[in-house]
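Hi,

Here is the structure I promised to pass on to you. Have a look at it first, and my notes on what turned up follow below.

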Amino acid sequence: MKPFALFLLLISLLACQNKDKDSVVGKWTLSGENQSDTGFTLDKEGIASVFPAGDIDYQTWEMQGDNLLLHGRKQQNGSTSPYDHTLKVISIKDNTLIVETEDGQTLTYTKTLDSAQENEEECYAYMTAKDTVYLHISRKNRNITGDLTYKLYEKDSNHGSLDGRVKGDTLLAEYSFSAEGRSSVREVIFLKKGDTYVEGFGPVNDKEGKTVFQDHKNITFINGITLSKTNCTK
């Protein structure tokens, strides 16, 4: 084969691979009775998520040939471990994805509204006899907006807005709030665990008038406030 023809063949193969990858991007819902709330979302940057939230949490995805590889974490008996799942793509046509699972089961998914265009609203709360923390978020792709309220015993209450992003199972945002008549901005971070978000803490610095974490690697979620998923109230 002549070098130029070989070059054209390689370009064609790469184009086909990109096309296959782009075709699986979106929100896929499992077809069948009572399956309207079950599926996964894949974005162009290789980030994956599963719905509804449960013991398995997808974080990233990739295509290898005809195989869709989903990588994430699995919670079992109080511990978390890496989790990988492979789906063999049988066909993608007219917003329908047919795959074969590792145990030979054939599943059909339907593409719904693109994740980059859809707003997903979720609310989480931590409540005791004396304390309340309420988190309301609206998610569009990986971008997060919303509001956060703290009412902790013997501490000043504060309420403000959130603006941040989600990467894998971690939500990192700027929290703009008012307390004692003073406006402030600080970084907040939450780790998604099933139907909960756990708040993280770590050393902070003041940077350009904002309180930010010194190093995200030193953040701990041990003994952090755990907010459980709840209905959003208007």
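Thr86 is partly exposed, because its relative accessible area is 25%, and that falls between the 20% limit for buried and the 50% limit for exposed. Please keep in mind that this is a predicted model. Thr86 sits in strand E6, which covers residues 79-93. Beyond its neighbours within four places in sequence, Thr86 is in contact with Asn67, Leu68 and Leu69, and also with Glu100, Thr101 and Glu102. If you look at Glu62, 24 residues away along the chain from Thr86, you will find the two C-alpha atoms separated by 9.9 Å.

Next, the nonpolar cores. The largest one has 19 residues, and those touching the most other members are Leu135, Ile137, Leu148, Leu162, Leu171, Val188 and Phe190. At least two residues each come from strands E10 (132-140), E11 (143-151), E12 (158-167), E13 (170-179) and E14 (182-193). E13 gives the largest share, five residues. Apart from this core there is another, of 18 residues, including Val25, Ala48, Leu97 and Val99.

Not counting residues up to four places away in sequence, Val188 touches Leu148, Tyr150, Leu162, Leu171, Leu172, Ala173, Tyr175, Glu199 and Phe213.

On to the aromatic rings, where the count comes to five pairs. In one of them, Tyr124 and Tyr197 have ring centres 4.9 Å apart and planes at 80°, so the pair is edge-to-face. Tyr124 belongs to strand E9 and Tyr197 to strand E15 (residues 196-199), so this pair ties together parts 73 residues apart in sequence. Tyr124 counts as buried, at 0% relative accessibility, and Tyr197 is buried too, with a relative accessible area of 4%. Tyr197 also forms an edge-to-face pair with Phe190, at 6.3 Å centre to centre and 75° between the planes.

Finally, the largest pocket, which holds about 690 Å³ of space. Its lining is made up of 38 residues, with Ser49, Val50, Glu120, Glu122 and Arg139 nearest the centre. Which classes make up the lining of the largest pocket? There are 15 charged, 14 nonpolar and nine polar residues. Strands E2 (39-42), E3 (48-51), E4 (56-64), E9 (119-127), E10, E12 and E18 (226-230) each supply at least two residues of that lining.

Happy to go through any of this with you.

Best wishes

Methods:
Residues are numbered from 1 along each chain as its sequence is written. This is a predicted model: local features need pLDDT of at least 70, side-chain atom pairs count only at pLDDT 80 or more; totals for chains, interfaces and linings use all residues. Side-chain values use heavy atoms; hydrogens and water are left out. A nonpolar core is a set of buried Ala, Val, Leu, Ile, Met, Phe, Trp, Tyr and Cys residues joined through side-chain atoms within 4.5 Å. Buried means under 20% relative accessible area, exposed over 50%, partly exposed in between (1.4 Å probe, protein chains only). Helices (H or I, at least four residues) and strands (E, at least two) are DSSP runs, numbered from the N terminus. Contact means heavy atoms within 4.5 Å. On a 1 Å grid over the protein atoms alone, a cavity is a set of points where a 1.4 Å probe fits but cannot get out, and a pocket is an open set with protein on both sides within 12 Å along at least five of seven lines; lining residues have an atom within 4 Å of a point. Grid points are joined across faces, edges and corners, and a volume is the space filled by probe spheres set on the points. Ala, Val, Leu, Ile, Met, Phe, Trp, Tyr, Cys and Pro count as nonpolar, Asp, Glu, Lys and Arg as charged, and the others, Gly among them, as polar. Rings of Phe, Tyr and Trp (its six-membered ring) pair if their centres lie within 6.5 Å; planes under 30 degrees apart count as stacked, over 60 as edge-to-face and the rest as tilted.
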